[in-house]
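The sequence and structure are shown first.

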Amino acid sequence: MYVAVKGGERAIENAHAWLAEERRGDTSVAELSVAQIREQLSLAVNRVMAEGSLYDPDLAALAIKQARGDLIEAIFLIRAYRTTLPRFGASEPVETGEMVCDRRISATFKDAPGGQVLGPTFDYTHRLLDFKLAAEGEVPEAPEGEAKGGPVPHITGFLNREGLIQTEDESDATPPDLTREPMELPASRALRLQSLTRGDEGFVLGMAYSTQRGYARNHAFVGELRIGTVEVEMEVPELGFAIDIGEITLTECETVNQFKGSKTEPPQFTRGYGLVFGQTERKAISMALVDRALRWKELGEDDQGAPAQDEEFVLMHADNIQATGFLEHIKLPHYVDFQSELELVRKLRREAEGQEAREAAE
Amino acid sequence: MNEYNFAYLDEQTKRMIRRAILKGLAIPGYQVPFASREMPMPYGWGTGGVQVSAATLVPEDRMKVIDQGADDTTNAVSIRKFFERTAGVETTEETGRATLIQTRHRIPEETLTEDQILVYQVPIPEPLRFLEPRETETRKMHSLEEYGLMHVKLYEDISQHGAIATSYAYPVKVEERYVMDPSPIPKFDNPKMEMAAIQLFGAGREQRIYALPPWCEVVSLDFEDHPFEPSKAEHECDLCGAEDSYLDEVIVDDAGGRMFVCSDTDYCRGRRAAGHVGAQGVPYEEGAA
């Protein structure tokens, strides 16, 4: 006698308990602290903050711990938590020209005011597994120099003076907010940039890479890449002026792209722009390349039909929380739909067989 | 979990969703964009339905959650628990006692009343999506009432297969205006959509809400010479003997043996409690599975 499967509730509870045990792993190995993750896995923390759209290293570290190191799962935890936070207001625009830079490089000029600062980068490390780290992670102190101080001007500003780079229209309009209004297409550049900065690093990287390989090639130079802290100011209505409410680390990338001119624009350099929470330079550079590819319409370029030029394709598929949810939902029961498909296929087969039999008889 | 607002979402967000619902009710079948929030369950797992339910629930509500017609499928259990915890509302498995029913892929067999709201979880709200992937294009097609593409698709089905090869998420036309996706319910359920209850459709990932007010005209697309046919397995329920309910096919042994049971578990339970016994059923006992 068949008994319908029951007990979903108990199965779920037991699965959760097992999951918690697996997350902890072997209990004879010391447990990870949130502070350890925050300090020692900081690039993972940065990615979670960037794609989770919430700047809070402690919460991001907690999410990584809870997600067993699955960063998309951690981003999801942060996004879900973010939903519950009340919104007090909006900050003033941050001034990246006044960034206190840990790293600042330009690929277009050998030197420039403010200098080239390599900062803490993997760039010139040899990717050899360091077996010493397996035993102990203590490092000698890095040598320190005198900080230069003073603002570090943007490289593209120098090109601007000669009129060699296309100027962006200035606007004080309040940008649309992707997290508070539904995405509307065609999207403004502000909305596109919001979508890209929280978009999946792998997806944005893949899109950027495709432009380099000829799918809407826009030959980008890294005009400037800078990583550092900026102050966040907010105007408090009761005070009537803006006050500092904290500082955040940002990665900013401006690309300088070759441009031979179009029907509407003279020959000049054009820009792509990337701005991402934390030290996240792969993402910031990718974002700048994709931003530039998506600007074909406003610059009067041809639509080459490349994926990276296709705003709807890029923006509707960049979000890994949307993507992973929809992808994984096919694990859910679909037996009602499948049943109706079964009946349809059986019916069509019966009809096809009947047809064949009739033809054979004729 | 009293650190969260009633039904999880803050009041501002609920107001935004309610505005979208009201607009949807005013323009039946029209997809209203709304600023969907990230919920604590994944997109694609009912976040649209959950947000619509959260914005619609009041503390006096009695809620029922079904997935594939059943109250005890894992995701239905999970969503029901979510509302038990965040809204503290009473829940029930009995269709007749529920004031708000959230569903995935089915309409309950029992006729719903004007005191009830049916909330659907919708994966892809756009009925034209698989004919035209671009939102910018499909919105234009809706506004121009340009549904030729859909008719051509249905016609091609008939010319290739002799029948319309869509068995679930079968497109409907609402009040002679909008072509609408009924969500992936089997086409067996389509005729039930002209009902007394309010029907609300939430698509979280796609940021769309649409709605059907009570007794709205909902016509499944067809042709005069190929009329729409709701279909189900030609069988009766092996547990309760029902001939009029949608059936799941269950494989019972490795020799390909199978049986058919009601997909609507509450309907089946109700019939067995009333003394109906199917071919393989046993008399109903309170508390037994």
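This is a predicted model: local features need pLDDT of at least 70, side-chain atom pairs count only at pLDDT 80 or more; totals for chains, interfaces and linings use all residues.

**Burial and overall form**

In chain B, 50% of the 289 residues count as buried. In chain A, buried residues make up 31% of the 362 residues.

**Chain B: fold and dimensions**

- Chain B is built with six helices and 12 strands.
- The radius of gyration of chain B is 20 Å, close to the 19 Å that the globule rule gives for 289 residues, so chain B is as compact as a globular protein of that length.
- Taken along the principal axes, the C-alpha atoms of chain B fill a box of roughly 60 × 55 × 35 Å.
- Of the contacts in chain B between residues at least 6 apart in sequence, 62% join residues at least 24 apart.

**Chain A: fold and dimensions**

- Chain A contains 13 helices and four strands.
- For the 362 residues of chain A the globule rule gives 21 Å, and the radius of gyration, at 26 Å, is well over that value, so chain A is more spread out than a compact globule.
- The C-alpha trace of chain A spans about 90 × 65 × 55 Å along its principal axes.
- Among contacts in chain A with a separation of 6 or more, 64% are accounted for by residues 24 or more positions apart.

**Contact between chain A and chain B**

- The contact between the chains involves 44 residues of chain A and 51 residues of chain B.
- On the side of chain A that touches chain B, at least two residues each are supplied by helix 1 (8-24), helix 5 (71-83), helix 12 (320-328) and helix 13 (335-361) of chain A.
- Helix 13 of chain A gives the most to this side, with 12 residues.
- By class, the side of chain A that touches chain B has 22 nonpolar, nine polar and 13 charged residues.

**Packing of helix 4 and helix 5 in chain A**

- The axes of helix 4 (residues 57-66) of chain A and helix 5 of chain A come within 8 Å and cross at roughly 130 degrees.
- Helix 4 of chain A and helix 5 of chain A are therefore oblique to each other, and their crossing is right-handed.
- From helix 4 of chain A, the residues A:L59, A:A60, A:A63, A:I64 and A:Q66 meet A:L71, A:A74, A:L77, A:I78 and A:Y81 of helix 5 of chain A.
- By class, this contact has nine nonpolar residues, one polar residue and no charged residues.
- Helix 5 of chain A also supplies at least two residues of the side that touches chain B.

**Packing of helix 9 and helix 10 in chain A**

- Helix 9 (residues 201-212) of chain A packs against helix 10 (residues 281-294) of chain A at an angle of about 55 degrees, and their axes are 8 Å apart.
- Helix 9 of chain A and helix 10 of chain A are therefore oblique to each other, and the crossing is left-handed.
- The residues A:E201, A:V204, A:L205, A:M207, A:A208 and A:T211 of helix 9 of chain A meet A:R282, A:K283, A:S286, A:M287, A:L289, A:V290 and A:A293 of helix 10 of chain A.
- By class, the contact of helix 9 of chain A with helix 10 of chain A has eight nonpolar, two polar and three charged residues.

**Backbone details**

- A cis peptide bond with omega of about -5 degrees joins A:L185 and A:P186.
- A:P186 lies in the loop between helix 7 (155-161) and helix 8 (189-197) of chain A.
- B:A7 is not a glycine, yet has a positive phi of about 60 degrees; B:A7 lies in the segment before helix 1 (11-26) of chain B.
- B:A7 counts as buried because 22 C-beta neighbours lie inside 10 Å, the threshold being 20 or more.
- B:S183, although not a glycine, has a positive phi of about 70 degrees.
- B:S183 is found in the loop between strand 7 (178-180) and strand 8 (198-203) of chain B, and B:S183 is buried, with 26 other C-beta atoms within 10 Å.

How values were computed
Residues are numbered from 1 along each chain as its sequence is written. Chains are lettered from A and ligands numbered from 1 in the order in which they are written. Axes are lines fitted to C-alpha atoms, for helices over the stretch in contact, and angles run from 0 to 180 degrees between N-to-C directions. Angles under 35 degrees count as roughly parallel, over 145 as roughly antiparallel, 65 to 115 as roughly perpendicular and the rest as oblique. A crossing is left-handed if the near helix is turned anticlockwise from the far one by less than a right angle, and right-handed if clockwise. Two residues are in contact if their C-beta atoms, placed from the backbone, lie within 7 Å. Ala, Val, Leu, Ile, Met, Phe, Trp, Tyr, Cys and Pro count as nonpolar, Asp, Glu, Lys and Arg as charged, and the others, Gly among them, as polar. The radius of gyration is taken over C-alpha atoms; the globule rule is 2.2 Å times the number of residues to the power 0.38. A residue is buried if 20 or more other C-beta atoms lie within 10 Å of its own, exposed if 12 or fewer, and partly exposed in between; C-beta atoms are placed from the backbone.
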